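I opened a notebook page for this structure. The entries below follow the order in which I looked things up.

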Amino acid sequence: MRAASFLIAHDYRATPKLIVTPRAPVGSILDTAKALRPGLIVQGACGNRTWLDFLLGSTTSAMLKEAKAPLFMSH
């Protein structure tokens with residue numbers, strides 16, 4: 001939500017959408033984005049599985065590959 005607040009403070013319209021799901025996060029995010037058709041997806045970037053996941057996060061990596069909308073990553 002801090003990233004959305006940052007964008008709002010800089011005169012960008014941002015509407016936070018909290019997604020709570022038992023599914024893998026990337027599938028839920030992509031399904032929500034497909035339904036909402038946003039102009040920008042704001043997402044936190046963190047993770048700690050492998051050293052590469054530690055740097056990018058598995059959800060982050062998948063979003064970079066699969067998202068149809070531009071991404072604003074916040075860490």
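I counted Ala, Val, Leu, Ile, Met, Phe, Trp, Tyr, Cys and Pro as nonpolar, Asp, Glu, Lys and Arg as charged, and the others, Gly among them, as polar.

Basis of the entries. This is a predicted model, in which local features need pLDDT of at least 70 and side-chain atom pairs count only at pLDDT 80 or more, while totals for chains, interfaces and linings use all residues. Residues are numbered from 1 along each chain as its sequence is written, and side-chain values use heavy atoms, with hydrogens and water left out.

Overall layout. I noted four helices and two strands in the protein chain, in the order α-α-β-α-α-β from the N terminus. Helices (H or I, at least four residues) and strands (E, at least two) are DSSP runs, numbered from the N terminus. Of the 75 residues, 27% are buried; buried means under 20% relative accessible area, exposed over 50%, and partly exposed in between (1.4 Å probe, protein chains only).

Helix packing. I looked up helix 2 (residues 25-36) against helix 4 (residues 58-66) and got an angle of about 35°, with the axes 9 Å apart. The axes are lines fitted to C-alpha atoms over the stretch in contact, and angles run from 0 to 180 degrees between N-to-C directions. Helix 2 contributes Pro 25, Val 26, Ile 29 and Leu 30 to the contact, and helix 4 contributes Thr 59, Ala 62, Met 63 and Glu 66; contact means heavy atoms within 4.5 Å. By class, these residues are six nonpolar, one polar and one charged.

Back to the pocket. Its lining consists of Leu 30, Ala 33, Lys 34, Arg 37, Pro 38, Glu 66, Ala 67, Lys 68 and Ala 69. A pocket here is an open set of points on a 1 Å grid over the protein atoms alone, where a 1.4 Å probe fits, with protein on both sides within 12 Å along at least five of seven lines; lining residues have an atom within 4 Å of a point. Helix 2 gives the most to this lining, with three residues.

Backbone. Most residues other than glycine have a negative phi. I found a positive phi of about 65° at Asp 11, in the loop between helix 1 (2-9) and helix 2. Asp 11 counts as exposed because its relative accessibility is 75%. Arg 37 has a positive phi of about 50° and is in the loop between helix 2 and strand 1 (41-44). Arg 37 is exposed, at 73%.
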